[in-house]
Amino acid sequence: MLKNYANWLESRGFKAVTQSQKPSTIYDYCRSLKRVCAWEGKTIEQLGDSIAEILPMYCATGVHSVRGRMVSRSVRSSLVQLKKFMSESQVA
């Protein structure tokens, strides 16, 4: 599922590498999701299935809002994109 998520991000214009060939947004978002999975004790599939309950905990006023601000907000941003990915995947 993580590979599908990365492909979906790329199709939305997110970059895998920078101009200097360093890891970019897709790498950061996938790494952030792995981090959240470890914190929550879930697989990526379980995280995707429960994204509606998990995302609010990492927003500005949620229980894990400090974690949501880690790594220049990539944790929170990756969860927002995962929610979009899940909603589009279920419709398709």
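Which residue, with a positive phi, follows H1? That residue is Gly-13, whose phi lies near 100 degrees, and helices here are DSSP runs of H or I with at least four residues, while strands are runs of E with at least two, both numbered from the N terminus. This is a predicted model, in which local features need pLDDT of at least 70 and side-chain atom pairs count only at pLDDT 80 or more, whereas totals for chains, interfaces and linings use all residues. Residues are numbered from 1 along each chain as its sequence is written, and side-chain values use heavy atoms, with hydrogens and water left out.

- Helix H1 covers residues 2-11, and Tyr-5, Ala-6, Trp-8 and Leu-9 are buried in it, where buried means under 20% relative accessible area, exposed means over 50%, and partly exposed lies in between (1.4 Å probe, protein chains only).
- Seen down the axis of H1, these buried residues fall within an arc of 160 degrees, so they line one face of the helix; the arc is taken from the directions that run from the helix axis to the C-beta atoms.
- Gln-81 belongs to helix H6, which spans residues 70-91, and it counts as buried because its relative accessibility is 12%.
- Once neighbours within four places in sequence are left aside, Gln-81 is in contact with Tyr-5, Trp-8, Leu-9, Phe-14 and Tyr-29, contact meaning heavy atoms within 4.5 Å.

**Salt bridges**

- The structure holds 2 salt bridges, each defined as a side-chain nitrogen of Lys or Arg within 4 Å of a carboxyl oxygen of Asp or Glu.
- One of them joins Arg-12 to Glu-88, with the closest N and O atoms 2.2 Å apart.
- This pair links distant parts of the chain, since Arg-12 sits in the loop between H1 and helix H2 (25-40) and Glu-88 sits in helix H6, 76 residues apart.
- Arg-12 is partly exposed, with a relative accessible area of 41%, and Glu-88 is also partly exposed, at 36% relative accessibility.
- Arg-31 forms a salt bridge with Asp-28, where the closest N and O atoms are 3.4 Å apart, and both residues lie in helix H2, 3 residues apart, or about one turn of the helix.
- Arg-31 counts as partly exposed at 30% relative accessibility, and Asp-28 counts as partly exposed at 24%.

**Cysteines**

- The structure holds 0 disulfides, a disulfide being a pair of cysteine sulfur atoms within 2.5 Å.
- Cys-30 counts as buried at 11% relative accessibility, and Cys-37 counts as buried at 9%.
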